[in-house]
Amino acid sequence: GIIGPAGSGKTTLLKLLNGVFYPDRGRIEVKGRAGALVEAASGFHPLLTGRENIFVGAALMGMKKEEIKARFEAIVEFAGIGSFLDSPVKHYSSSMSANLGFSIAAHCSPELLFLDEVFASGEPKFRQKCMTKLEELLNGGVSVVLVSRDMRMAQKICSKGLLLDRGKVAAKGSIKDAVSAYLALPERKRGS
C-alpha cells in the first residue's frame, strides 16, 4: 500500500511503476503481466465505444484477441455498463469509466495489479463488488499495489506499506507501521 497526504507523490509513483511516466534517473523493472487502473478513463479513447475500448485496453495490458473475446462477457457484466456498451466513452460518467477500467484490469489475468483509489469512488454496491474481486485476486496469488488515503482499505488489502511525504519515503514496512506513521503526521499534512 502506498499511502500519504494529498500531493505526496503517490499517484506519480504508481504511474512510474506502470510505465505511464519514465524516471528521470535509474530504471524501474516490472516482471509479469500487469493490470492497472491509475485514472478513471486511463487508456480509453473518448470517441471509441465501451466495446472498442475493452479490446484496446485489454490489448494494452497484454491480452491477446482470443483471450479478450473469451473474457469479454465477464468484463461487461462486472462493469455493469449495460446499454452504454456501444456508446462512446465520452458519454460515460466518471464512475462508469472507473467501473469499466477496473473490470478490464481485474479480468486480464494480472500477476501484478496497480490500483489508484479511483475504483473506490463509485457506488457502494460496485465498491463491494471490487473488494470481493480484489480478495479473489489476492487469494489467487496476484500482487496488488494500491495507492490510497483510506487507511482502512489499505489495511484490508495490503500487508506492506510505504508512506510518502512530499515525494520522499517517510516510512516503510508493515502496513500497520506505515499507517501509524501516517496518523502521526500533523493533521494539516494529512488533509483531515
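**Questions on a predicted model**

Trainee: Leaving aside its neighbours within four places in sequence, which residues is S103 in contact with?

Mentor: The model is a predicted one, and within it S103 lies in helix α4. Neighbours up to four places away in sequence are set aside, and what remains in contact with S103 is A74, I75, F78 and A79.

Trainee: Does S103 count as buried or exposed?

Mentor: A residue is called buried when its relative accessible area is under 20%. The relative accessibility of S103 is 0%, so S103 counts as buried.

Trainee: How many Å apart in space are S103 and A74, C-alpha to C-alpha?

Mentor: A74 is among the residues that S103 contacts. In sequence the two are 29 residues apart. From C-alpha to C-alpha, the separation of S103 and A74 in space is 8.4 Å.

Trainee: How many helices and strands are there in the protein chain, and in which order do the elements run?

Mentor: The protein chain holds 8 helices and 6 strands. Read from the N terminus on, the order of its elements is β-α-β-α-α-α-β-α-β-α-β-β-α-α.

Trainee: What is the radius of gyration of the protein chain, and why does it agree with a compact globule?

Mentor: Along its principal axes, the C-alpha trace spans about 50 × 35 × 30 Å. A compact globule with 192 residues would have a radius of gyration near 16 Å, and the protein chain agrees with this because its own value is 17 Å.

Trainee: Of the contacts between residues at least 6 apart in sequence, what share joins residues at least 24 apart?

Mentor: Buried residues account for 44% of the 192 residues in the protein chain. As for the contacts in question, the share that joins residues at least 24 apart is 68%.

Trainee: Which residues does G35 touch, not counting those up to four places away in sequence?

Mentor: G35 is found in strand β2, which covers residues 34–37. With a relative accessible area of 0%, G35 is buried. Beyond four places in sequence, G35 touches M61, A105, C108, P110, L112, L113 and F114.

Trainee: How far apart in space are G35 and V144, C-alpha to C-alpha?

Mentor: In sequence, 109 residues separate G35 and V144. In space, their C-alpha to C-alpha distance is 9.5 Å.

Trainee: Which helices do the buried residues of α2 pack against?

Mentor: Helix α2 covers residues 50–60, and its buried residues are G50, N53, I54, G57 and A58. Seen down the axis of α2, they fall within an arc of 125 degrees, so they line one face of the helix. The helices that these buried residues pack against are α3 (65–79) and α4 (94–106).

Trainee: What covers the buried residues of α1?

Mentor: In α1, residues 10–18, the buried residues are K10, L14 and K15. Their arc around the axis is only 135 degrees, which puts them on the same side of α1. The cover over these residues includes β1 (2–3), β3, β4 (143–148) and β5.

Trainee: Which residues are exposed on the other side of α7?

Mentor: The buried residues of α7 (175–184) are I175, A178, V179 and Y182. They cover an arc of only 100 degrees around the axis and therefore lie on the same side of α7. On the other side, the exposed residues are K176 and A184.

Trainee: What value does the phi of S109 take, and where is its place?

Mentor: Most residues other than glycine have a negative phi. S109 has its place in the loop between α4 and β3 (112–116), and at 38% relative accessibility it counts as partly exposed. It is a residue other than glycine with a positive phi, near 55 degrees.

Trainee: Does R166 count as buried or exposed?

Mentor: R166 is not a glycine, yet its phi is positive, at about 55 degrees. Its place is in the loop between β5 (160–165) and β6 (168–174). Exposed means over 50% relative accessible area. The value for R166 is 63%, so R166 counts as exposed.

Key: Residues are numbered from 1 along each chain as its sequence is written. This is a predicted model: local features need pLDDT of at least 70, side-chain atom pairs count only at pLDDT 80 or more; totals for chains, interfaces and linings use all residues. Side-chain values use heavy atoms; hydrogens and water are left out. Helices (H or I, at least four residues) and strands (E, at least two) are DSSP runs, numbered from the N terminus. Buried means under 20% relative accessible area, exposed over 50%, partly exposed in between (1.4 Å probe, protein chains only). Contact means heavy atoms within 4.5 Å. The radius of gyration is taken over C-alpha atoms; the globule rule is 2.2 Å times the number of residues to the power 0.38. The arc is that of the directions from the helix axis to the C-beta atoms.
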